[in-house]
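Hi,

Here is the structure I promised to pass on. Have a look, and my notes follow below.

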Amino acid sequence: MINFSLAKRPREESPPWIPACAGRTYRGFAEEYRPIPYRGSTRPKAGLRLSLLLLLVVHSALCAQDLIFAGADFAAWNHPAGLVQIGTSGVTVKRFGTTFNAVANAGEFSSVTIGDYGRSPVRTPSNPAQAGLVADQDRNTYWQPDLDDPLQRWWVEVDLQRAVVARKIRVIFPQTEDAQPFEFFSLHVSPGIQVVGTPGKHIAFERVGRPVNNNTKPVVEFALKTANKPPPSGMPSGEFLVKSDSLDFSILRFVRFEAAGQTAGAALAEIEVDGIGFNLPTRVFTEERAEKGGHIWGGRTWTSRARDCDGCGKASGAEFLVDADLGRRLWSIQASSGDRDWRDDGVWSVIDFGNVFRIDRIIFVPLIGGRSPWLYGYQQGAVGGWPKFDILTSDGSPSNTADPQAEGPFAYELLSEVRTTYPFNDFQFPTRDTRLILWRVIGFYGRDANALQLFAFHRAGYPKRVELESDDLDLGAARSIRRIEWDADQPPGTRLEVQTQTGNGFTDVTRYFLKNGDEVTKEAYEAARKRHRGDIVQERVRDATWSTWSQPHRFSGQRFQSPSPRRYLRLRLRLYSDALDVSPVLRSLRVVANDPVVFAGLSGSVWPREAALDSRTEFRYTIKPQAFNSRDPGFDQVLIALPPGSADAELLAAWVGGQQVAANGSLRGDSLWVQLPPPVVKRDSVSIAFATRVFASPTVFETFVFNSSQEDNGQGVVPAELGADQVFVPEVVQGASLIRNVRHAELFTPNGDAVNDLYELSFTVVKTDKQPQVRVFSLAGHLVAELKNATPRGARATYAWDGQHHGELVPPGIYIVHVELQTDPKDEAVQRCVHIVY
C-alpha cells in the first residue's frame, strides 16, 4: 500500500486528458495534489497527517465521455523519468549505449562528503572560479591555474558523486594563442573510501600510469586497470566469471589532475571518464535516494534480514549494495549458514529493478581480508573470508514454487555458482532479460563477511519492458467503458499493452505508531505514555469493489477487459521492445466510454456456489439494478462468460421480475448470449438459468448486459458481495492429480466400415493451463503417433487416432497411450492400453 501526504501543485484549468469542448467549461476541480510515496518504515515526521490519493475528476456534463491522454499529458502518470522521455510528441524510451561520459551526468547523483572531499563537484585551490569549466562538456572553455600560485596548488579534482566502473579517462587541452596543453602532469583516482586512523578526514589516491612529460597533445587518454588477486587456495570458479588477475576497468569516484611543472598558458578544457555502461542499480528505489530527490526508476530491495525464521542470516539492508557509495556503508553478514534450505538457514538479497532490462554484465565487489585493495585503516583481522554464493536472475515471470517471503513470487534462472571468489567478480554473459537479481550465500561458516557493491550493466539497445501507471482516476460517476484505443508507432519487434483496474470506492483507515516505529492498535496507542506516542496516519484505501489488474489490451480498439461501469479507473501501460534496436513510440491513449445502460449499476450472484468437476450442472445467475432511473436506457441482452471449451452449455430459462419470459440463447465462443423479449429492463431483476461444466476452483462467471439499440455499449455486472459470481469445485482443490476423469475406448477397429473406426480419448486438466502431450507407442517402445488436442482452449482435452502410422494402418495388437503434463510444481504422466482389432 502506498501512503500519500499533501503536496500542492499549481492549479490547472482542467486535467490534461479532458477533451476540449466548445462552449463547455470544466467544473468542480478545486485543487490538485501531487502524491509523495513513502515506503518501509518511513512515516510522516510529525503530528496527524492526512493521506490522499490523486483523484482526477471527469464532470458528467462533458460533451464526450472519452478519456484522452496525449503527448505531455503522460507526465502526470507515475513513470521512470529518464528511462522514458515524455514530450509533446508522446512517450519514448531511452536507448542505452556501451559507454558514456560519467562526468556529464554527475549532477544527477549525490554522495557523502569526506572532510573537504565531495563538497563541490569540481574543486581547485588555484583560480577556483574556473574549476567547473573542466566538467561543462564544452571543449572551448578551460581552467588555467594562477601563475602566481605555487606548483603545489596547480591541481583540480572532479567528483563523480558516485562510484563508477570506468574503462578510460581522457584529459583534453585547448590549443589557442592564450591557452596550451600542460606539458608535465599526472592523473590520480580514488574510490572515495576514507582512510581511518589518520588525523582529519582523508581519502587515498592512486596514480594512473606514469607521469606525463613534454606533452604537446591536445588529448591524452589513460587506460584503467585493476589488480584482481586470486586466493592462495586456487583459481576462483563460477560460470561467466572472468578469470584474470588483471581487469580492464577501475572503480572510482574522484579524479585528480596534478601539474608537475609550471608552464605559462597551461590550461585544461575537459576531464572525461568513460564508464563501461549504465549501472542500473543507481536507479532502484531506496528511502535515502527518495529523500534526496534522486532519479528513481522504481523497484526496491530486500534481504533475509526481514524474514522471520530461526536460522536466517541477519544481513544489513540490500540498499547498501546499490547506493554506488564504496566509502560509507557495507552489506554485512552477521550470521552463519547451516545445512537447511537456503531460505531458512541462509543469507540473501534481492534487487528488483521494477522494469525489465537487458543485462549482460554484473560486477560484484566483496570485501576480503588480505586481498581487497581498499582496506584503508580497517582491521583486517575483523574482515572474514568470503563464502560460496549464487547469482540468479528473473525477468519477472511468476512461479508457483517460489517463496513470496524470500525471493518473491518469481521464477529465477541460475547465472553462476561461485565457489571460490575474487576481490572483484566480473560476470560477462549472453544478454538476459532481467527484472530481478537474487544473490544468495550457500553454506557459510565462520567470521562476519562484508560486501561493498553490486553493479549491473545494460547492453547497448532498448530495455525489454518499461511501465507507466496512472493514479486512481475519478470519473465523477459510473461510466461504461467500451474499449481502449491508442495512436503509436510500433515497428516490427515492438508492442504495447494496457492493463486496467476499476472500482467504486475507498475506505478511510487510521493507523497508530509509537515513537519506535511500531504500529499498534488505537487502544494501545492511547494507553501508551505521551512521550512514547508517535504519528497518527490517516489513509484512504480501496474497498472490495476494486478489481485486480485485467488481462492486457494488446491491440488498439480491444474491448475493455475490466468490470464496467465503475466510478474509478487505473491504467498501466507497458512498452515492449522484443527486438534490441527498436522501440515503440506512444502518441496518445483513449479510453472510449459511454453512459451506462443502468446508471446506478447492476449487481449479480450465481447459484449454486459449489459444483462437481467436469459435470454438467444447472446454474442460475440473477441480476438486480441498484436503483431505478427513468432516464436509464435499460438492457435487453445478457452475456455470461463460460469456462473455456463449454461446447454443451445451453440456456434453460429466463425470468424478468419473477415472470418467466421467452428468451433466446446462443453460444458465442465461450460465452452464453441471451436475448430478452421487449421491453428493455430498467428496474426489474433478471434471472438466467443455464447449464455448463466447471473445471477450475473458483470459476468466475463474468456477466455483462447490453441494449440492442446501442451496439458496443456493454455494462458489467458487479458481484452482489465479494465472491458472489464464483463457483467452487472442491474436487480440484482436494485432489493432487492434474489429469482427471480420463475416458477412452479400450478397443477400436480401424477397418473403414464407419463403425468404431477411431480411438477416442478425453480427460480434464486442472490447476494449470499447460497443454499435455499425448503419444502412442508400440509394446516395443517405438513411437507410433503423436495426437493433437481437438479442444485446446477448453479444460476438457479430447483426442482421436485413426490407427495409422505414416499413412498406413498399424498391425493389430496392444498399444500404449502415454499422456504427459509438465508444469513448474510437478510433472505428471498417465498411461492407458488400447487394443486394435480388424
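Leaving aside its neighbours within four places in sequence, which residues is S126 in contact with? They are W143, P145, D146, D149, R153 and W154, where contact means heavy atoms within 4.5 Å.

Before the rest, some housekeeping: this is a predicted model, where local features need pLDDT of at least 70 and side-chain atom pairs count only at pLDDT 80 or more, while totals for chains, interfaces and linings use all residues. Numbering runs from 1 along each chain as its sequence is written, and side-chain values use heavy atoms, with hydrogens and water left out.

Back to S126: you'll find this residue in the loop between β9 (122-123) and β10 (155-172). S126 counts as buried because its relative accessibility is 0% (buried is under 20% relative accessible area, 1.4 Å probe, protein chains only). Its side chain makes a polar contact of 2.7 Å with that of D149 (a pair of N or O atoms within 3.5 Å, one able to donate a hydrogen and the other to accept it; residues adjacent in sequence count only if both atoms are side-chain atoms).

Then there's a sheet worth a look. It is open and antiparallel, with five strands in the order β39-β40-β36-β43-β44 (strands are DSSP E runs of at least two residues, and a pair needs at least two bridges). β39 (664-668) and β44 (714-716) each have a single partner strand, so one side of each lacks a neighbour in the sheet. Further in, β36 (637-641) and β40 (671-675) are joined by five bridges, with I640 opposite L672.

Across the whole chain, 52% of the 838 residues are buried.

Cheers

Methods: Helix = DSSP H or I, 4+ residues; strand = E, 2+ residues; numbered from the N terminus. Buried < 20%, exposed > 50% of the residue type's maximum accessible area, 1.4 Å probe, protein only.
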